[in-house]
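Let's take a walk through this protein together. Keep the sequence and the 3D view open as you read.

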Amino acid sequence: MHPGPNQHPPPHMMHQDPGYPGPNGRNPPRFNGQYRPNGRRKNSCLRCYCWCCCCIFVILVVIIAAVAISLVIINPRKPKYSISDFSVKAFNLTPDYNLHAQFVVTVKAENPNKRISIVYGKGSTVQLKYSGMKLCTGVVPHFRQPTRNTTLMDVDLRGDLKGSDFKGPIGESLMQKIKSGRIPVTVSVRVPVNVGLGAYNVLPDPIGIYVDASMVVNNLSQPDKKVQISDPKYHFNFGYKFKK
């Protein structure tokens with residue numbers, strides 16, 4: 001029932017001018033109570049972050065598992081080194097204490113690994129020392145040692161000392177030890193090595209193997225006399241980057 005021309009509309013009804021768009025224009029917005037654009041964007045970012053964390057975690061687990069399995073399969077073992085022989089080739093001392101000496105030291109290298117070969121690189125040094133004074137130097141040959149192999153390396157050591165270097169307390173002490181037949185010396189080996197699997201080198205840069213072998217010998221001056229080695233002691237170390 002519509003109100004007549006002289007009747008007023010009920011209080012709950014309001015007239016609206018069709019030409020007046022209202023505070024929100026002709027098409028007022030219709031909001032759903034569940035529409036939250038900012039919240040949805042935050043949830044998407046959080047979900048993406050969680051997925052990234054899960055992926056990184058899975059990748060780390062896979063890498064750790066692969067390394068562990070590789071170590072179990074390869075089973076790397078430390079090589080062993082010792083001095084098996086020592087011989088005198090020359091020991092010439094002049095009256096003014098100029099010294100020319102030549103020795104041959106046999107280094108025994110044992111590779112106990114079943115799958116790893118050892119590659120001895122260039123740039124090695126071998127020194128024969130007495131009381132910290134360098135008498136002779138040489139180098140380790142460059143070669144690849146096979147798996148489960150023992151190699152004897154003959155290292156030629158040569159040295160020339162001037163009287164100004166050799167004459168003094170250390171030189172006099174060495175001559176006394178030579179006469180007594182008990183000369184404490186040290187053979188220091190510094191060599192860069194790489195790890196080989198098959199025909200390939202594993203490491204991008206060689207690591208350093210450092211061996212100091214201290215011993216007592218009965219002869220340093222007589223080439224025709226057999227050198228006997230006693231009281232050998234070995235100190236082994238390695239570095240991730242080779243340093244002479």
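## Ground rules

The areas themselves come from the Shrake-Rupley method with a 1.4 Å probe, and for residues only the protein chains shown count as cover.

This is a predicted model, where local features need pLDDT of at least 70 and side-chain atom pairs count only at pLDDT 80 or more, while totals for chains, interfaces and linings use all residues. Residues are numbered from 1 along each chain as its sequence is written, and side-chain values use heavy atoms, with hydrogens and water left out.

## The overall layout

Helices (H or I, at least four residues) and strands (E, at least two) are DSSP runs, numbered from the N terminus. Here you'll find 3 helices and 11 strands. Going along the sequence, they come in the order α-β-β-β-β-β-β-β-α-α-β-β-β-β. The protein has 244 residues, and 30% of them count as buried.

## Salt bridges

A salt bridge is a side-chain nitrogen of Lys or Arg within 4 Å of a carboxyl oxygen of Asp or Glu. The structure has 4 of them. One joins the side chains of Asp 85 and Lys 226, at 3.3 Å from N to O. Asp 85 sits in strand β1 and Lys 226 in the loop between β10 and β11, so this pair ties together parts that are 141 residues apart in sequence. Asp 85 is partly exposed because its relative accessibility is 27%, whereas Lys 226, at 55%, is exposed.

Another salt bridge links Arg 182 to Asp 231, with the closest N and O atoms 3.4 Å apart. This pair also links distant parts of the chain: Arg 182 is in the loop between α3 (169–180) and β8 (183–197), Asp 231 is in strand β11, and 49 residues separate them. Arg 182 has a relative accessible area of 46%, so it counts as partly exposed. Then there's the bridge between the side chains of Asp 156 and Arg 158, at 3.0 Å from N to O. Asp 156 is partly exposed at 32%, and Arg 158 is partly exposed at 45%.

## Aromatic pairs

Rings of Phe, Tyr and Trp (its six-membered ring) pair if their centres lie within 6.5 Å; planes under 30 degrees apart count as stacked, over 60 as edge-to-face, and the rest as tilted. That rule gives 6 aromatic pairs. Take Phe 86 and Phe 103: their ring centres are 5.6 Å apart and their planes meet at 50 degrees, so the pair is tilted. It links distant parts of the chain, with Phe 86 in strand β1 and Phe 103 in strand β2 (residues 99–111), 17 residues apart. Both Phe 86 and Phe 103 are buried.

Phe 238 and Tyr 240 make an edge-to-face pair, with 5.8 Å from centre to centre and 80 degrees between the planes. Phe 238 is partly exposed at 43%, while Tyr 240 is exposed at 72%. Which residues do ring pairs link into a cluster? They are Tyr 81, Tyr 120, Phe 143 and Phe 236.

## A patch of positive charge

Now for the surface, where Arg 77, Lys 78, Lys 80, Lys 114, Arg 115 and Arg 148 gather in a patch of positive charge. Patches are made of residues with over 30% relative accessible area and no salt bridge: like charges are joined within 9 Å, and nonpolar side chains (Val, Leu, Ile, Met, Phe, Trp, Tyr) within 5 Å. Lys and Arg count as positive and Asp and Glu as negative, while His and the chain ends are not counted. Each charge is placed at NZ of Lys, CZ of Arg, CG of Asp or CD of Glu.

Zoom in on Arg 77, in the loop between α1 (37–74) and β1 (80–93). Arg 77 counts as partly exposed because its relative accessibility is 47%.

## Backbone details

Ser 131 has a phi near 50 degrees, a positive value in a residue other than glycine. You'll find Ser 131 in the loop between β4 (125–130) and β5 (133–138), and it is exposed at 55%. Asp 231, from the salt bridge with Arg 182, also has a positive phi near 50 degrees.

Note on methods: Buried < 20%, exposed > 50% of the residue type's maximum accessible area, 1.4 Å probe, protein only.
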